[in-house]
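Here's a quick briefing on charged side-chain pairs. Have a look at the sequence and model, then read on.

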Amino acid sequence: MTPYIVDRTSVINASKSAVWERVITPEGINDEMRPWMTMSMPRGTKELTIDNVPVGEPLGKAWLRLFGLIPFDYDALTIAELDPGTGFHEKSTMLSMRRWEHQRTLTEINAGSVEVHDRLTFEARLPLVGPILRRVIAAFFAHRHRRLSRHFT
């Protein structure tokens, strides 16, 4: 099965360190996702952030909740690579996805702005839903980038 790829890039008017501190926390991640969904942290990891997870080790299931209430999928979360202050690469599986990769990279433009780039690579478990999921994921990450930008305005 051929993987689908979605790229999203935005310029955020804040310092690289401020954006990094926001995007690595469960609170920041969920703020980006709201109101459409939230994601819980796997059991025993509530105090962790992306900055201090054990890299390359499965963390457990992070449940995705529609409107923050209804569990509809999970992410068997693993941070495969971490470059603190600059980016991460999540390689996971989901109930709905045979393969889910999320790479987020922050690149400083100047002292007051940073480029945030997300690349999502995925393979759906069900045949024929890939093109639909690609549109949904592209729209969802556009939403996440708008929410992140709005946080810093």
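A salt bridge here is a side-chain nitrogen of Lys or Arg within 4 Å of a carboxyl oxygen of Asp or Glu. By that rule there are nine salt bridges in this predicted model, where local features need pLDDT of at least 70, side-chain atom pairs count only at pLDDT 80 or more, and totals for chains, interfaces and linings use all residues. Residues are numbered from 1 along each chain as its sequence is written, and side-chain values use heavy atoms, with hydrogens and water left out.

**The network**
- Salt bridges link Glu 32, Arg 104, Asp 118 and Arg 144 into a network.

**Pairs and where they sit** (helices, H or I with at least four residues, and strands, E with at least two, are DSSP runs numbered from the N terminus)
- Glu 32 pairs with Arg 104, with the closest N and O atoms 2.9 Å apart; Glu 32 is in helix H2 (residues 26–33) and Arg 104 in strand E7 (residues 97–110), so this bridge ties together parts 72 residues apart in sequence.
- Arg 144 also bridges to Glu 32, at 2.8 Å from N to O; Arg 144 belongs to helix H3 (residues 130–151) and Glu 32 to helix H2, so parts 112 residues apart in sequence get tied together.
- Asp 118 meets Arg 104 at 2.7 Å, N to O, linking strand E8 (residues 113–124) to strand E7 across 14 residues.

**Burial** (buried is under 20% relative accessible area, exposed over 50%, partly exposed in between; 1.4 Å probe, protein chains only)
- Glu 32 is buried at 1% relative accessibility, and Arg 104 is buried at 1%.
- Asp 118 counts as buried at 0%, and Arg 144 is buried at 6%.
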